[in-house]
Structures are given as C-alpha cells and as structure tokens.
Amino acid sequence: MQVKKLSTDILIIGGGTAGIFAGITIAEESDANVLILEKAYIKRSGCLAAGVNALNAYICEGQKPEDYANYAMNDAHGIARYDLLLSMSQKLNSVTKKLEDLGLVILKDENGKYVLRGNRNIKINGENIKPILAKAVENHPKISVMNGVNAVEYAVKDGKAIGAYGVSVNNNIFYVIEAKAVICATGGAAGIYRPNNPGFSRHKMWYPPFNTGAGYAMGIRAGAEMTTFEMRFIALRCKDTIAPTGTIAQGVGARQINSLGEDYGIKYGFTTSQRVYGTVKENIEGRGPCYLETKGISQEQTADLYKAYLNMAPSQTLKWIESGKSPDVQNVEIEGTEPYIIGGHTASGYWVSDDRSTSIKGLYAAGDVAGGCPQKYVTGALAEGEIAAHSALSYIKGQTLTSISDEDIDIQFRKSTKYLNNTHSTYSINDLEEAMQTIMDTYAGGIKTNYQYNQIQLTVASEKINELIQLSEKLTAKNTRDLTKIFELKDRLEVARVLIKHLESRKETRWHSFAENTDYPQEDDRYLVYINSTTLNGETKMIFRPLIKEGQKHEHID
Amino acid sequence: MSILINQNKCIGCGKCTVVCPGNLVHLTKDNKAKISNIKDCWGCCSCLKECLVGALKLFLGADVGGQGYTLYAKDKGDISDWIIEENETPKAKITLNKKDANKY
C-alpha cells in the first residue's frame with residue numbers, strides 16, 4: 001500500500017450538508033485552502049442521498065429564533081444546550097435563502113412567500129438537494145474534494161488536531177493529511193442495534209447504514225469530550241419501508257390511531273420520544289398495530305403523497321402501488337425503528353463551545369456529530385457548518401502547519417493496515433456486525449425489549465461488546481473495501497461501548513423509549529445535568545456537568 | 001430492499017458505480033454493473049437515477065412485503081418519469097417536475 005501525504009489549511013471530514021456548507025463558507029469568505037474528505041461521492045452521499053421532503057427547521061413569520069430554541073429544549077426535556085440552539089436558530093433563515101439561491105425549489109404562495117407547514121417547516125423539492133450542494137462545491141476552485149476516502153483517525157499532537165489519516169475505499173492508498181484545523185462533519189451512527197428487518201432488508205433503515213459513527217469514534221479515540229449519547233433517537237416510521245411519517249402526518253393531517261381506531265396521541269404527549277413511546281405502549285397493551293389514519297383522503301392527496309415520497313423515499317410509493325392498497329383505502333401502519341445515535345435529531349455528540357470547537361484544540365464539529373443541539377435537521381446542519389467554518393478560519397490565523405512525524409505515520413499505518421496481514425479469523429466482518437446488533441438489541445434496549453434496559457442487562461452488554469472489540473482485532477481483509485468494513489465495524493463497536501456507559505450513568509427515565517431505564521422508571525431532577533464522557537487509553541470516564549441556562553455559554557478551559 | 005441490474009441492458013457507462021453512498025456498485029471485467037452484496041443496498045435509488053437505459057430497478061424484499069414489482073426512473077432534464085412494472089410490464093407511471101415543490 002502506497003502512503004500519500006497531503007496538506008491543506010482546513011480539512012473537512014464528511015461531504016454531507018454540514019461539511020459542504022462549511023467548505024463553501026470558507027471558500028467564499030477567505031483565501032484558505034480547504035479539502036473535503038468523503039467516504040462515498042458527494043453528489044449522493046449520506047442521509048440525504050434519496051432527497052428530503054421538507055426543511056424542518058425554519059423560523060416562520062411571527063416566530064423568533066428563541067421560540068425554536070425553546071421548542072427543542074422542551075422536546076429534549078431540558079437536556080440540550082440553549083446557547084447552541086440559539087446560535088443555530090439565528091442562522092436558519094439565512095442558510096435557507098442561500099440554499100434557495102443555489103437552486104433548491106421552495107414552495108411559495110401568490111405573494112412570493114414560503115408556504116409553511118406548521119410553525120417550523122417549509123415545503124420544498126428536496127430530491128436533488130445533494131446534487132445542488134455538490135455542484136456549488138464544484139464551482140469553487142479553492143475547494144478540493146477527495147471522494148472514496150475513509151477517514152480513520154485524527155492526527156493529534158500536544159492536544160491539538162493537526163490533520164487526519166484516511167484509507168482509500170477502492171485503491172491501495174493510505175493518506176496522511178496535514179491541516180491547520182479540522183472540521184468533523186461526518187454523520188451519526190446507524191446499524192449499532194439490530195434493525196427492524198434483519199434478514200434480506202437489513203439495510204432498509206431510516207438513517208443510512210453507511211453512517212457508522214466514524215466521527216464519534218475518532219473523537220472518542222482521540223480523547224474528545226462527548227455528551228448525551230444516552231439520548232438515543234428512535235424514529236417513528238412507516239412499517240416495512242421505514243420511510244418518514246411527517247409527510248403524511250403533517251401533509252394530510254393524519255392522526256395516530258391504534259387498532260381500535262382511537263387517537264392515542266393525547267394520552268402520551270407530543271414530544272418526539274412520547275410519540276414513539278405511545279406507539280410502543282399501545283402495542284404492548286394489545287391495541288396494536290398503530291397507524292396513521294389516511295383512509296378517506298382524496299385521490300388528489302394520494303397522488304401528491306406518491307410524488308412526495310418519490311422525492312425522498314421511493315420505496316414507499318412502490319409499496320403503495322404494488323400492494324394495491326393506496327393510502328386513501330388503507331391506513332399506513334407505523335412502527336419505531338432501531339435506536340440511532342444522531343446529533344441532528346437528539347443531543348448526542350461532541351461537547352462543543354458555542355463556536356462549535358470541540359475539547360481538542362483545532363477540531364470543530366458540525367451537523368449530526370455535534371452534540372447538545374437537537375432538532376437541527378438540514379438547515380441546522382448548514383448553520384453549524386457555517387459557524388464551524390467561521391471559527392476554524394479565525395483559529396488558523398497565526399497557525400502554521402504542524403508536520404506529522406514519520407514515526408507517527410508508521411504507527412498509524414501499521415494499526416490501520418494490519419488486517420491485510422492477519423491470516424486467520426474464525427469470524428467474518430458480517431458475523432461480528434450481526435453479533436453486535438444482537439447484543440445491543442437484547443441487552444441495551446433495542447426493539448426486542450421495547451427499548452427497555454436495566455443495569456444487569458447493560459453489564460452483560462458491556463462485557464459482550466468488549467469481547468467483540470477483542471475479536472475484531474483478528475479480522476482479516478483481502479482489500480481496502482474489506483478494510484473499510486472493518487473500520488466501520490470498529491467505529492460502531494466503539495460508539496456502542498461508550499453508549500452503554502452513558503445509559504448506565506443516567507439513572508432515571510427522562511425520555512421514554514429513547515432511554516427507558518426500568519430500574520429507574522421516573523424522571524429525577526438530580527439528573528438535570530449533561531452526562532459527558534472522555535476516553536483515555538480505552539478507559540472511559542463519566543463527567544456530570546451542570547445545565548447551561550439561557551443567557552449562559554460554555555467555553556472550553558485549557 | 002435492493003436493486004436488480006439487467007446486465008443485458010447495461011451499457012457499461014459506470015455512472016451508477018460512482019454515486020452509490022455505500023460504494024456497492026462496481027463494473028465487472030466485461031464492463032457490466034454489478035452490486036457487490038444485494039443485502040447491503042439502502043434503497044436510495046441514487047444509482048438508478050443515473051442510468052440512461054433503465055438497466056437498474058428498485059424492488060422491495062419479500063420480508064418487507066414486496067410483491068416482485070420494480071421501480072425505475074427515466075430522467076429527462078427537469079422532468080423525470082418514474083415507472084412501476086410487474087414482469088417488465090408497466091403498471092404505473094408518475095411524472096415529476098423538478099421545478100415543482102412538494103405540496104406536503
């Protein structure tokens with residue numbers, strides 16, 4: 001395998017919404033060189049590959065950024081960062097305008113105003129959101145993009161990020177990239193838990209199976225402080241296709257009903273976790289399956305739903321048509337997904353300052369990997385990309401490139417490529433991945449246990465995940481594609497390991513389903529704290545931090 | 001959920017191999033598109049949107065209620081036709097205009 005050394009001013013890991021927007025911001029506002037490292041191909045990578053149906057974070061007329069921040073704080077039952085939510089919310093509308101200028105189609109009324117969907121959403125044609133963003137990158141000669149390169153580790157020296165290492169997915173190349181600052185904008189983590197349909201359709205998840213928590217895992221291994229992993233995200237989705245439900249619920253005003261036809265929403269409440277919990281509970285108590293009540297909608301509405309789903313989750317339209325049961329004649333069955341770790345929806349991720357700097361100097365986080373700032377969705381990820389870009393630009397003034405030593409390169413090279421030299425493993429990569437998913441499903445609150453867990457189960461989960469981590473060291477790789485799969489598995493295992501620690505530490509049930517601790521089934525005000533963690537030499541230490549109240553900001557202290 | 005690739009129709013342009021977010025589609029030695037593991041597909045349809053000859057089609061696994069129908073897209077600039085077939089016989093066509101926003 002060849003070693004290639006590159007350098008740039010700012011390295012962005014992940015070519016999704018946050019990463020691309022950070023890149024564009026840097027290119028437009030400075031002379032700095034920027035390199036985006038992308039595991040797939042930026043035109044269709046990450047969670048927006050198929051498209052997105054609406055912009056779910058927008059400050060509609062009559063609303064203020066503070067209203068959005070308060071909404072998200074309330075949805076998180078108090079465990080989120082008001083400072084981060086506010087700085088994000090203040091940018092939601094300007095980044096939306098920029099997205100429109102880049103070519104995104106947004107529905108407008110006869111007066112040229114955006115058509116609103118509720119208080120916080122606007123309607124778009126988001127099928128081509130990734131191609132639009134990718135094209136904007138192509139138009140900037142100062143932005144370099146390397147597709148098909150999987151970042152595997154940060155280069156850190158004296159507590160400062162000085163670049164990263166990556167391995168080409170399809171070619172025998174090991175990359176060493178020196179940078180004055182690094183922005184992590186990878187996705188969250190799917191595939192840690194056993195999915196809804198673990199057989200042939202195992203990858204028919206809501207969040208992409210290719211988002212494996214690499215950004216989190218690299219941060220954990222580098223000793224970065226992480227927050228709120230225990231606030232898992234479980235999505236309420238259309239059964240089988242795992243397609244989004246908001247389009248039906250908000251689009252045609254469909255109620256959530258049980259098999260008796262009762263609207264059960266009011267019984268449980270309307271926060272994101274309560275909606276999932278209500279559906280789980282109705283099933284446990286014998287009133288399942290649950291549905292979105294679409295029966296009786298007009299043919300025009302049905303046709304519009306077909307189109308809307310083709311623009312974000314085509315499988316749902318195919319399902320309606322091939323089953324011969326369109327939504328106007330049959331209600332749409334719903335179910336909860338397996339748990340994900342994803343900072344764009346809940347608050348899991350890097351512990352950051354208001355400027356999106358992490359606890360590692362020179363390393364910034366934006367989008368799904370940045371913690372404390374839930375409900376950011378697409379526009380919030382763009383906003384964080386912009387904030388991180390500004391902060392990185394200001395940081396690199398006066399910084400010079402730090403050379404990554406040959407010795408460090410050699411150590412990392414051996415660590416990353418040793419699987420090519422391993423000669424015997426009893427287990428395949430897939431075997432261990434399935435084992436991890438089964439362990440997490442059974443002992444760490446997966447679908448199997450209706451998302452519930454207790455300390456005894458978590459102890460078992462922890463032991464078994466540690467065993468898998470040991471076994472994963474023996475895996476063999478024939479080529480760089482296998483290597484990529486091994487890194488993905490190892491990243492998931494690392495996220496799982498830290499997640500279990502977080503679940504153990506929150507001895508309460510603040511969010512039903514998201515963190516349903518049967519030893520402590522009630523909310524407990526003593527846990528009105530952020531649960532954070534740092535890892536050093538494989539040992540994870542928990543940190544309980546007091547809530548940052550409205551008007552306060554968190555700044556890292558050296 | 002996965003894609004079917006009709007290698008007889010495939011012209012070997014390789015466009016589908018570039019865009020897959022999971023790096024799953026590759027060209028064989030005789031220049032035909034092939035998915036490395038059919039179970040690894042997410043069903044996002046990025047690949048079939050690139051295909052000019054309708055060689056790639058989405059289908060639902062039987063485990064999620066698939067009935068064996070397929071779905072593919074014919075891209076015509078601002079317009080794209082989505083065609084649903086049973087045994088290669090068209091059953092439905094839905095035309096989307098990229099300039100139109102969703103109503104929902």
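This is a predicted model: local features need pLDDT of at least 70, side-chain atom pairs count only at pLDDT 80 or more; totals for chains, interfaces and linings use all residues.
**View 1. Chain B meets chain A.**
The contact takes in 48 residues of chain B and 58 residues of chain A. The size of an interface is often given as the accessible area lost when the parts come together. Here the area buried between chain B and chain A is about 4,500 Å². Carbon and sulfur atoms give 61% of that area. Three residues of chain B lose the most area to chain A: Trp42(B), Asn102(B) and Tyr104(B). Together they make up 23% of what the chain B side buries.

**View 2. Helix α15 of chain A packs on helix α16 of chain A.**
Helix α15(A) spans residues 455-472, and helix α16(A) spans residues 480-505. Their axes come within 10 Å and cross at roughly 160°. Angles over 145 degrees count as roughly antiparallel, so α15(A) is roughly antiparallel to α16(A). The crossing is left-handed. On the α15(A) side, the contact residues include Leu458(A), Ala461(A), Ile465(A), Leu468(A) and Ile469(A). Gln455(A), Ser462(A) and Asn466(A) are also among them. On the α16(A) side, the contact residues include Leu489(A), Leu493(A), Ala496(A), Ile500(A) and Leu503(A). Lys490(A), Glu494(A), Arg497(A) and Glu504(A) take part as well. By class, the contact has 10 nonpolar, five polar and four charged residues.

**View 3. Helix α13 of chain A also packs with α16(A).**
Helix α13(A) covers residues 406-421. The axes of α13(A) and α16(A) lie 10 Å apart, at an angle of about 120°. That angle makes α13(A) oblique to α16(A). The crossing is right-handed. Ser416(A), Tyr419(A) and Leu420(A) form the α13(A) side of the contact. Leu483(A), Ile486(A), Phe487(A) and Lys490(A) form the α16(A) side. Five of the contact residues are nonpolar, one is polar and one is charged.

**View 4. Helices α10 and α11 of chain A pack against each other.**
Helix α10(A) runs over residues 299-310, and helix α11(A) over residues 314-323. Their axes are 6 Å apart, and the angle is about 140°. The two helices are therefore oblique to each other. They cross in the left-handed sense. From α10(A) come Leu305(A), Tyr306(A), Tyr309(A) and Leu310(A). They meet Pro314(A), Gln316(A), Thr317(A), Trp320(A) and Ile321(A) of α11(A). The contact has seven nonpolar residues, two polar residues and no charged residues.

**View 5. Four strands of chain A form an open sheet in the order β16-β11-β20-β21.**
The pairing is antiparallel. Strands β16(A) (349-350) and β21(A) (539-546) stand at the edges. Each has a single partner strand, so one side of each is left without a neighbour in the sheet. Strand β11(A), residues 226-227, is joined to β16(A) by two bridges. In this pair, Met226(A) has Tyr350(A) as its bridge partner.

**View 6. Another open sheet of four strands in chain A has the order β12-β15-β14-β13.**
Its pairing is antiparallel. The edge strands are β12(A) (236-238) and β13(A) (256-257). One side of each is left without a neighbour in the sheet, because each has a single partner strand. Two bridges pair β13(A) with β14(A), residues 290-292. Gln256(A) stands opposite Leu292(A) in β14(A).

**View 7. A cis peptide bond joins Gly288(A) to Pro289(A).**
Omega for this bond is near -10°. Pro289(A) is found in the loop between α9 (272-284) and β14 of chain A. Most residues other than glycine have a negative phi, and most peptide bonds are trans.

**View 8. Tyr377(A) and Glu88(B) have a positive phi.**
Glu88(B) lies in the loop between β6 (79-86) and β7 (89-97) of chain B.

Notes:
Residues are numbered from 1 along each chain as its sequence is written. Chains are lettered from A and ligands numbered from 1 in the order in which they are written. Side-chain values use heavy atoms; hydrogens and water are left out. Axes are lines fitted to C-alpha atoms, for helices over the stretch in contact, and angles run from 0 to 180 degrees between N-to-C directions. Angles under 35 degrees count as roughly parallel, over 145 as roughly antiparallel, 65 to 115 as roughly perpendicular and the rest as oblique. A crossing is left-handed if the near helix is turned anticlockwise from the far one by less than a right angle, and right-handed if clockwise. Contact means heavy atoms within 4.5 Å. Ala, Val, Leu, Ile, Met, Phe, Trp, Tyr, Cys and Pro count as nonpolar, Asp, Glu, Lys and Arg as charged, and the others, Gly among them, as polar. Two strands pair if DSSP finds at least two bridges between them. Buried area is the accessible area (1.4 Å probe) that two parts lose on being put together, summed over both.
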